[in-house]
Number of protein chains: 2
Amino acid sequence: MSKRVTINDVARTAGVSRQTVSRALNDKGEIDGSTKQRVLDAVRELGYRPSRFARGLVRQDTTTIGLVIPDLLNPFFTEVAAGALEAARARGWHVIVYDTAGSVEEERGTIEVVVSQVDAVVGYFSLAESELDAHLSGMPAVLIGREHRTPRFSSIRIEGAAGVREAVDHLVAKGHRRIGMLDYEGRAEPSIRRAWFADAMNAHGLAADAVGNAVQSVDGGAEALTDLLAKHPDLTAVFTFNDIIAVGALRAARRLGRAVPDDLAVVGFDGLQLGTVVDPALTSVALDTRRVGALAIEQAGRLLAGEPQLPSEELLVNAVLLVREST
Amino acid sequence: MSKRVTINDVARTAGVSRQTVSRALNDKGEIDGSTKQRVLDAVRELGYRPSRFARGLVRQDTTTIGLVIPDLLNPFFTEVAAGALEAARARGWHVIVYDTAGSVEEERGTIEVVVSQVDAVVGYFSLAESELDAHLSGMPAVLIGREHRTPRFSSIRIEGAAGVREAVDHLVAKGHRRIGMLDYEGRAEPSIRRAWFADAMNAHGLAADAVGNAVQSVDGGAEALTDLLAKHPDLTAVFTFNDIIAVGALRAARRLGRAVPDDLAVVGFDGLQLGTVVDPALTSVALDTRRVGALAIEQAGRLLAGEPQLPSEELLVNAVLLVREST
DNA sequence: AAGCGTCCCGTGAACGTTCACGGGAGCGTT
DNA sequence: AACGCTCCCGTGAACGTTCACGGGACGCTT
């Protein structure tokens, strides 16, 4: 139907050339006041809006970043996304957000389409680097929460060994000896966080033998804690894969008549805002999630600009113990 | 520095014409297998990625929507955003998310820039329609949670009178007579939700006289409930502007030794997931937030396609009482 | 009156891709 | 041998904007 209104249409009805229209729209100097007004009137009358494609084609200034996450409703990713948006806004960049709904198929589809929509991509991927590379064809990409194996990718790493060690130290100092863990086995293998936990326990000469497995949800955490306590009733503290599971554990503890923190201490991971809405507020090995998102954007910027790469220590977010009320 | 790799560069190194390169990349039929492979090799070797601007300029197929929200970390907007992303994905559309950080200045800046980046805009704005219109210059726009005054805009309305009435009915049936409210006065005027509450109370011959005012945060809710109960110790139930404030109220009630729901019933508004992580789970006048986001995207699509407009009843989301554990 | 500077404005080119069209090579049919 | 068809491939044009440049009108100076 009705063709698009172009700059030439505006020029015609205003009785000027397209260049003059361009001048009026971009506040260039070389234009008479009355002419400018006439052009602006014509613009309004015709409902003209410049084509972002034509504009972007000639002046190569706008940068757009693709942010790929598995689930925006997962508060961890919400916070990371918020951090990324904030950092992008500070640079005048635009962020297209893709929620792959935790599906590998959706992720694959997103990867294929994102390459022709953005200048760089940032996100939490589950696909192998080889497959990512095949579709991304050279586009700058930053992996979040996952170490890159090929120099072709960048990554924002999350280092939690020290933080988990802090958490275990803290629990031990409070007198706890029997400390369990609720892990999350994403790809059917124990998480790195579990290894951190085991190391920290071993450093105290304690056994990390009471480890349960939870689904990534509040209900999953509640269920898992119930099971774990049934198997190991002597547990006085529990560390969880993340805050979501910990919140579930909090609820289960209450249901089981175990007062937190007196009868059972709970330590989460991530340090989400979520931990402050529950009661008691959750002690957690906290990440600066905002910084995770911001670092990813910054790194994308460096790749885009072809700047020299930072040492990997700079692309690291360290988790630190954040003591609230559940321990 | 280094110029961009164009389709002509690829054509040259592959020894073909640009059209052949285009054919290879877009899986058009009229190309020999070996030629296609040769082109693809050249593409990989040079790291060529087609310009989205040049491509978008000629084939006008990709649509991009701007989503403007005041705070992605506010779980209400997170859920709306997730709904919008889901609906957009289903249509193969792209969504650029702008978080204005609750600042009018940021919102103004976003409005100015968004017009040259997207095909339509959807969001929760605080600016007046006149100002929006001035910058948006004819771009399709959908207002969320706010009724449009000019036919120039569309809106997704939220109707909660019946839901709030349900909530009050429910409380009265449980024997409550002294029911207070924690309102949120955004622009220094009582909210529409307060009016709904007052109407529902009046229908029962009850006075809506115990109304406090809260800041939009968990702490704000806690503080406001403490104040309200100090003024009106006889309150046995409280309705809040939204779930965030309600969660704060839950915490304050516990601090004050008021057991929920036995000593104090709490009803929130929005029906967020957030209400399920607290204990007791929050009863709330619930909105289908996912639908709010989806409707906004759908409506943007109708505007873009120039389709006939739906009656406003179709662009409405009704809140319904969702009884959980806090009443 | 010639020269010069300032203020406006317009025209060709370029950005990088796809579309529409034309055409050559090779093979089979009559 | 002429024709037609299929399979490939290439060239001009178009998409809508900004950039680079040229130039006319006008006023002021000398």
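**Close-up views of a predicted model**

**View 1. The open six-stranded sheet of chain A.** Pairing within this sheet is mixed, and the strand order reads β7-β6-β8-β9-β10-β12. At the edges stand β7 (211-213) and β12 (320-322) of chain A, each of which pairs on one side only. On average, and with direction ignored, neighbouring strands of the sheet are turned by 20° against each other.

**View 2. Helix α10 of chain A packed on the sheet.** Helix α10 (residues 218-231) of chain A touches β6 (179-183), β7 and β8 (237-240) of chain A, and its direction makes about 140° with that of β6(A).

**View 3. The parallel pair β9 and β10 of chain A.** Strand β9 (residues 265-270) and strand β10 (residues 283-286), both of chain A, run parallel and are joined by four bridges. Within this pairing, A:G268 has A:S284 in β10(A) as its bridge partner.

**View 4. The contact of helices α6 and α7 in chain B.** The axes of helix α6 (residues 104-114) and helix α7 (residues 129-136) of chain B come within 8 Å and cross at roughly 35°. From α6(B), the contact is made by B:R108, B:I111, B:E112 and B:V114, while α7(B) contributes B:E131, B:L132, B:H135 and B:L136. By class, the residues of this contact divide into four nonpolar, one polar and three charged.

Technical notes. Residues are numbered from 1 along each chain as its sequence is written. Chains are lettered from A and ligands numbered from 1 in the order in which they are written. This is a predicted model: local features need pLDDT of at least 70, side-chain atom pairs count only at pLDDT 80 or more; totals for chains, interfaces and linings use all residues. Side-chain values use heavy atoms; hydrogens and water are left out. Two strands pair if DSSP finds at least two bridges between them. Helices (H or I, at least four residues) and strands (E, at least two) are DSSP runs, numbered from the N terminus. Axes are lines fitted to C-alpha atoms, for helices over the stretch in contact, and angles run from 0 to 180 degrees between N-to-C directions. Contact means heavy atoms within 4.5 Å. Ala, Val, Leu, Ile, Met, Phe, Trp, Tyr, Cys and Pro count as nonpolar, Asp, Glu, Lys and Arg as charged, and the others, Gly among them, as polar.
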